[in-house]
Amino acid sequence: MTTKTTWPLVRVLRDRDAGLYLSGVLVSGFGTSALWLASGVWVKDLTGSDGLAALCMLAMWLPTLAGPLLGTLADRGRRKPLLIGVNLLLGALLLTLVSVDAPGDLWLLYAVLFVYGAAGVVHDAAESALVATAVEPSLLGDFNGLRMTATEGMKLLAPLAGAGLYAAHGGAGVALLDAATFVLAAGLYALLRVREEKPAPPTGSRRRRSAEGVRHLWAHPVLRPLVLAGGVTMLCAGLNGAMVYAVVDGLGRSPAYTGVLYAVQGAGSVAVGVLSGPALRHLGARRFAASGIALLALAVALRAVPSDPVALVCSAAIGMGLPAVLIATLTSVQRETPGALLGRVTATAHTLVFTPNVVGLAAGAALVELVDHRLVLVALGVALLVTAAPLCQSPARAERTVSRSSSDASPA
């Protein structure tokens with residue numbers, strides 16, 4: 001009884017390996033968030049081009065599309081040595097950026113950011129797989145929630161620190177900071193006490209092994225609806241994110257006010273991360289995800305109301321609602337996937353869930369110029385409620401539905 005009533009943060013930190021993992025997330029997340037901001041500013045300062053600055057984010061996001069393929073690397077060997085190696089590789093790679101001081105050197109920055117993104121896909125897949133091995137199953141929901149809290153907390157603090165460091169020492173100073181955080185994270189992963197069996201030699205072609213992650217997700221009655229709901233939710237979230245400047249205009253505020261809305265949204269995400277473990281145990285993954293999506297739907301639709309208090313409340317609600325489906329999906333992937341497949345399945349799930357966010361941002365950037373943003377926000381709210389509805393049915397009924405649909409599927 002005591003274990004169930006202990007605050008999730010205490011439960012996780014009492015677990016030595018979970019505490020080390022969480023520390024590694026904090027350290028590397030700080031450096032990544034700082035570089036995320038500084039890289040764009042760096043390019044802007046060197047070239048004066050907004051488009052070239054935006055390419056920094058594109059370079060980091062592109063490798064996500066190859067998630068199913070990159071995820072196979074996380075299943076080829078032991079995950080702990082892989083995590084240590086990836087962190088040390090990135091630490092060494094970032095040191096090369098100290099030579100970037102002219103527009104002609106930007107090819108190196110883009111190349112490093114691309115490798116950074118690809119290594120991040122492998123890192124996240126290996127980390128998720130190793131977490132499922134090292135952390136007690138009862139703590140997975142709490143850990144993933146606190147991981148979200150740590151990540152969002154770093155997004156609030158690190159960009160400010162990165163901006164200050166950039167102003168004082170330029171982009172090279174931020175790159176050195178990020179390199180140091182990766183070395184420190186590698187040291188934390190080295191302290192983990194995890195026993196891993198050496199995986200069996202791979203069989204079949206690389207393409208076939210990559211497809212196994214997709215097949216597992218599509219056939220699984222628990223994971224398929226969560227991943228599909230996560231992808232649709234992130235698509236809507238991207239469209240909603242593209243409307244933020246129109247929302248600020250409707251409030252009669254300057255564009256800088258978006259920083260206030262994002263800060264409030266981040267605070268909401270920090271809060272839900274702490275509460276997600278108990279919520280997952282009480283509601284289950286499907287209902288927890290559905291509750292978050294429903295809250296997100298209401299918040300997105302109400303952003304159409306031109307009121308400062310409403311906008312602030314909606315930003316906090318978006319921050320609380322959006323992570324729910326992400327935490328529920330990742331935790332379910334860890335619990336429902338065999339260890340030998342976990343790297344591929346995690347990377348595939350990340351690709352299917354997060355890629356629509358980029359599509360939504362791009363589509364929203366065009367849509368906001370053509371349609372009244374209030375109509376778009378209300379439509380998104382309705383779409384999100386429709387997305388949440390199937391998750392409210394019982395898992396047993398969902399399993400029967402999936403079984404019928406897969407057996408009766410038309411070849412067309």
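This is a predicted model: local features need pLDDT of at least 70, side-chain atom pairs count only at pLDDT 80 or more; totals for chains, interfaces and linings use all residues.

User: Why is Asp-142 called buried?

Analyst: Asp-142 has a relative accessible area of 1%. The label buried requires a value under 20%, so Asp-142 is buried. This residue is found in helix 8, which spans residues 140–190.

User: What makes the pairing of Asp-142 with Arg-281 a polar contact?

Analyst: The side chains of Asp-142 and Arg-281 approach to 2.9 Å. Since the cut-off for a pair of N or O atoms is within 3.5 Å, the pair counts as a polar contact.

User: Why is Arg-215 described as partly exposed?

Analyst: Arg-215, in helix 9 (residues 206–219), has a relative accessibility of 45%. Buried means under 20% and exposed means over 50%; 45% lies in between, so Arg-215 is partly exposed. In sequence, Arg-215 and Val-345 are 130 residues apart, while their C-alpha atoms are 9.0 Å apart in space.

User: How do you know whether helix 13 is roughly parallel or antiparallel to helix 14?

Analyst: Helix 13 (residues 308–336) and helix 14 (residues 342–367) pack at an angle of about 160°, and their axes are 10 Å apart. Angles over 145 degrees count as roughly antiparallel, and therefore helix 13 is roughly antiparallel to helix 14. Their crossing is right-handed.

User: Which residues make this contact, and how do they divide by type?

Analyst: Helix 13 contributes Leu-326, Leu-330, Val-333 and Gln-334. Among those from helix 14 are Val-345, Thr-346, His-350 and Phe-354. The residues of the contact comprise 8 nonpolar, 3 polar and no charged.

Technical notes. Residues are numbered from 1 along each chain as its sequence is written. Side-chain values use heavy atoms; hydrogens and water are left out. Helices (H or I, at least four residues) and strands (E, at least two) are DSSP runs, numbered from the N terminus. Buried means under 20% relative accessible area, exposed over 50%, partly exposed in between (1.4 Å probe, protein chains only). A polar contact is a pair of N or O atoms within 3.5 Å; within protein, one must be able to donate a hydrogen and the other to accept it, and residues adjacent in sequence count only if both atoms are side-chain atoms. Axes are lines fitted to C-alpha atoms, for helices over the stretch in contact, and angles run from 0 to 180 degrees between N-to-C directions. Angles under 35 degrees count as roughly parallel, over 145 as roughly antiparallel, 65 to 115 as roughly perpendicular and the rest as oblique. A crossing is left-handed if the near helix is turned anticlockwise from the far one by less than a right angle, and right-handed if clockwise. Contact means heavy atoms within 4.5 Å. Ala, Val, Leu, Ile, Met, Phe, Trp, Tyr, Cys and Pro count as nonpolar, Asp, Glu, Lys and Arg as charged, and the others, Gly among them, as polar.
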